[in-house]
Amino acid sequence: QVQLVESGGGLVQAGGSLRLSCAASGRTFSSVMMGWFRQAPGKERESVALINRSGGTTYYERSVKGRFTISRDNARNTVYLQMNSLKPEDTAVYYCNAGGSVSVPGNYWGQGTQVTVSS
């Protein structure tokens, strides 16, 4: 079992930055892929960034590449999403996910954290 708690969301102006954190409980954190997903009003949930178990391989949705950085600290059971050059279209609820693959999200989700980017 893995429990996930996100933090770090908020309101920011376009061009600004935020860093999301996801603290995980459970002994299996370092053995699973982690990811960040987001869901905007009226839209389906989409993958934003994924990171493999060691942190050596990352994947990004095309619209965030070069602006967002996913990282993990296995000693702290925490995964991060550094978001720079934020745009209004990045506004969404951001969710942490554990245990998935490149093509399929895992079964474990956090409660979500709201990110709002004003123009």
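Analyst: Let's start with a word we'll need: two residues are in contact when they have heavy atoms within 4.5 Å of each other. With that in hand, residues 24 or more positions apart make up 54% of the contacts in the protein with a separation of 6 or more. Keep in mind that what you're looking at is a predicted model.

Before we zoom in, here's the setting. The protein has 11 strands and 0 helices, so its radius of gyration of 13 Å, close to the 14 Å that the globule rule gives for 119 residues, makes it as compact as a globular protein of that length. If you boxed up the C-alpha atoms along the principal axes, you'd need roughly 40 × 25 × 25 Å. Of the 119 residues, 41% count as buried.

Now for the core itself. The largest nonpolar core has 28 residues, and those with the most contacts inside it are Met34, Trp36, Val79, Leu81, Met83 and Tyr94. Which strands supply at least two residues each of this core? They are β3 (18–25), β4 (34–39), β5 (46–51), β7 (68–73), β8 (78–83), β9 (92–98) and β11 (113–118).

Let's pick Met34 and see what it touches. Leaving aside neighbours within four places in sequence, Met34 is in contact with Leu4, Cys22 and Phe29, among others. Further along the sequence, its partners include Ala49, Leu50 and Ile51, then Ile70, Arg72 and Val79. Cys96, Asn97 and Ala98 are also on the list. One of those partners, Val79, is a name you've already met among the residues with the most contacts inside the core.

Next, follow the chain out to the loops on either side of β8. Asn77 lies in the loop between β7 and β8, and its phi is near 55°, a positive value in a residue other than glycine. Is Asn77 buried or partly exposed? Buried means under 20% relative accessible area, so Asn77, at 21%, counts as partly exposed. Ser85 sits in the loop between β8 and β9, and its phi is positive too, near 50°, again in a residue other than glycine. With a relative accessible area of 41%, Ser85 is partly exposed.

Terms used:
Residues numbered from 1 in each chain as written. Predicted model: local features only at pLDDT ≥ 70, side-chain atom pairs only at ≥ 80, totals over all residues. Heavy atoms only, no water. Helix = DSSP H or I, 4+ residues; strand = E, 2+ residues; numbered from the N terminus. Rg over C-alpha atoms; globule rule 2.2 N^0.38 Å. Buried < 20%, exposed > 50% of the residue type's maximum accessible area, 1.4 Å probe, protein only. Core = buried A, V, L, I, M, F, W, Y, C linked by side-chain atoms within 4.5 Å.
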